[in-house]
Each structure stands twice: as structure tokens, then as C-alpha cells.
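Me: I would like to go through this model with you. Could we begin with how its elements are defined?

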Amino acid sequence: MDWLIDQIQYWYMWAMPLSGIVSIMIPLFLAVAYTTWLERRVIGAMQVRIGPNIVGWKGLLQPIADVAKLAFKEIIIPSGANKILFLVAPVIMLISAFAAWAVIPFNAQLVLADVNAGLLYVLAVTSIGVYGVIIAGWASNSKYALLGAMRSAAQIVAYEIAMGFALVGVLLAAGSLNLGGIITAQQGEYGLLNWFWLPLLPLFLVYFISGVAETNRAPFDVAEGESEIVAGFHVEYSGMAFSVFFVAEYANILLISALASIMFMGGWLSPFDGLLSQSTMAIPILGYILDNGMHWFFAKIFFFVFMFLWFRATFPRYRYDQIMRLGWKVFIPITIVWILVVGFMVLGQLSPWWGATI
């Protein structure tokens, strides 16, 4: 009997984390697939042309058709390429994009790993992605791929510094590295006015624009400039190997949107938090919608994803020197100055950081 209990406890110990991982990964893969559909529909509408509308109702089966097509395409490895690193590079980027979701809190209770240093974990995991870019460019044995990799790596490093400094401001304001603690620090009686987007507005803008640059999205997609270097660091990839890069890019878009929601827009908090009476919150359906919950978190993620798509449909591609100048000479000085401002406000216990600790 004791042996049976030990076996049950052993398998339960493994089953619970695995079930949590699966419950996050499957919806995330579906979200990535249908973000591609949403992008085509949004850009098609903005540019007054037809998006995907043939495969399934309104083209809703188009992502599935894309996966099926890529699954049957041959993976061609260039002669002279390092075959092992060539195949490992997209996996590194995929792991980097998906592993960070382990500490993302969807509401006050639902989080896979409630790590105290969650913010530090996210920064560490996401920074690994640059290795996938460099390895992909070098292992392809192509000058075009290597040039795209060098461009992309330099861009990622520049904007990751600015992004990290922006998150240091959030750390000072919240007094916590725990992502749930950062959201809780934004609670107050004034709803969305208590969120960090307002007092940390320069850091918020720097963070989100740096996130667009980090993901190599337009107008920062010089690493994939078709008119200049064909297709960037993954020019030699095809089939499912190419699709893994594609999945990693869109997973990073969702991750940047989720982190922007958590750091600056209150995460699962309702914009009406603290503003409505108890009688209003007691109304069956309306009270649930207006109350805190993961539906607000998903709505904020959708808003930021839409901004990514909007940027691509609107802005022309910047020159590479303009992008590097913006990252090194504009964003980094702004974040350093605003970190000092936030530090003085926290030390002086100025609103909204009454009682905040460093």
C-alpha cells in the first residue's frame, strides 16, 4: 500500500507541472497561428485590399493550410553549412520565446511558476534568443545570412539595453521582481490612473518601441530587408525549419505584449478597479466583466498585438544607421534619466509609491 501511495505521489509530482505546461503551450501555439491570420486581415483592411478569405470562413483555416504546406516542404541544408547548428538555431529561438511564459501570471492565482525573481528570469531567458540569430546566420555558410545576423544581433543588443533599463524603472516603482507583485503594486482607488503607464510614460514608450525592434518587426526589420539582403539571417531556411523562426517571432510579439500589459497596464486589473460601487459589481454579468480578471489581461495583449500590426501597415522601414542612433543615443539616455527621476520619487514617497521600498 505504501508503495502504491509513493507511486501516485511520484507521478502526481510530474503530472501537475506537465499539465500546466500543456495548458499554456497549446493555446499559445493557436494564438501564434491566428496572429498571422489577424495580421493579414488587419493589414489588408488598412491598405484597402483583400486579406485571406478563401480557406475556411473569412480565411480562418488559412493558418492550418500554411502549417500543412510547410510540413510537406523539403528542408534544404546548404552545402558547407554546419548541419547541427543549422537545425539547433531555430530551436534556441523557439525555446527562448516560449520559456518566458512559465512565470507570466494570467490572474491572481493562475501562474505556472510564481517565481520571486520572475522579472530577472524573463530578461535572462529572452536574451538567449540573440544566440539563435547569430548561430543561424553563421551556420548557413552564406554571406547574406551572416550579414543579416550581424545586423539583427547589433539591433537586439542595443534595444535590449534600453528595454532592460525601462524595466529597472518598473522595478523601482513596484519594489518587487515578482510579476504578480508588480501588478499588485498598480492597484489603487483610481483604476487605470494608478497603473505605471502614466508616471513611467517615457519608459513605457521606450519599452514598447524597443520590443518592436527586438522582434525585428517593421519599421525595424532591416535584418530582413528583402530589397537589401534578401531575407536576413534565415534566408537559407525552408520548410518546418523556417516555420520555427516564424513561430518564434510571433510568440515574441505575444510575449512583449503580455509584458507591456503586466509592467505598465495593470495586467489582469480592471481599468475600473476601485472606481465602482459594490452594488454595481454585484450585477451578475456586468460585475464579472468590470471586475479584475484574465479577460482584461487578454484584452490588453490584443491591443498591443494590434499596435504591432498597425506599425507594419503604416511606417516605412528606417535606415540601419537611424535605428542604431535611436537605440544608443536616444532611448538609453532617456531611460537613465527617468530611472533617476523615479528613484527620487520613490525615496520621497511621492504618489503613486507611498510606502514603496527599494
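Reply: Helices (H or I, at least four residues) and strands (E, at least two) are DSSP runs, numbered from the N terminus. This is a predicted model, in which local features need pLDDT of at least 70, side-chain atom pairs count only at pLDDT 80 or more, and totals for chains, interfaces and linings use all residues. Residues are numbered from 1 along each chain as its sequence is written, and side-chain values use heavy atoms, with hydrogens and water left out.

Me: Where is Ala213 placed?
Reply: Ala213 lies in helix α8, residues 201-214.

Me: Is Ala213 buried or exposed?
Reply: Ala213 is buried, at 0% relative accessible area. Buried means under 20%, exposed over 50% and partly exposed in between, with a 1.4 Å probe and protein chains only.

Me: What does Ala213 touch, not counting residues up to four places away in sequence?
Reply: With that exclusion, Ala213 touches Gln155, Tyr159 and Phe220; contact means heavy atoms within 4.5 Å.

Me: Changing topic, which residues have the most contacts inside the largest nonpolar core?
Reply: They are Trp101, Leu179, Tyr207, Met263 and Phe264, in a core of 71 residues. Helix α10 (residues 239-264) gives the largest share of this core, 12 residues. A second, separate core has 15 residues, including Ala89 and Phe233. A nonpolar core is a set of buried Ala, Val, Leu, Ile, Met, Phe, Trp, Tyr and Cys residues joined through side-chain atoms within 4.5 Å.

Me: And which residues of α3 are buried?
Reply: Among them are Phe86, Ala89, Ile92 and Met93. The 17 residues of α3 (residues 83-99) should span 24 Å at 1.5 Å a residue, and the end C-alpha atoms are 25 Å apart, which agrees. The expected span is 1.5 Å times one less than the number of residues.

Me: Last topic: which helix gives the largest share of the lining of the second largest pocket?
Reply: Helix α1 does, with 11 residues. Both α1 (2-46) and α13 (294-314) supply at least two residues each.
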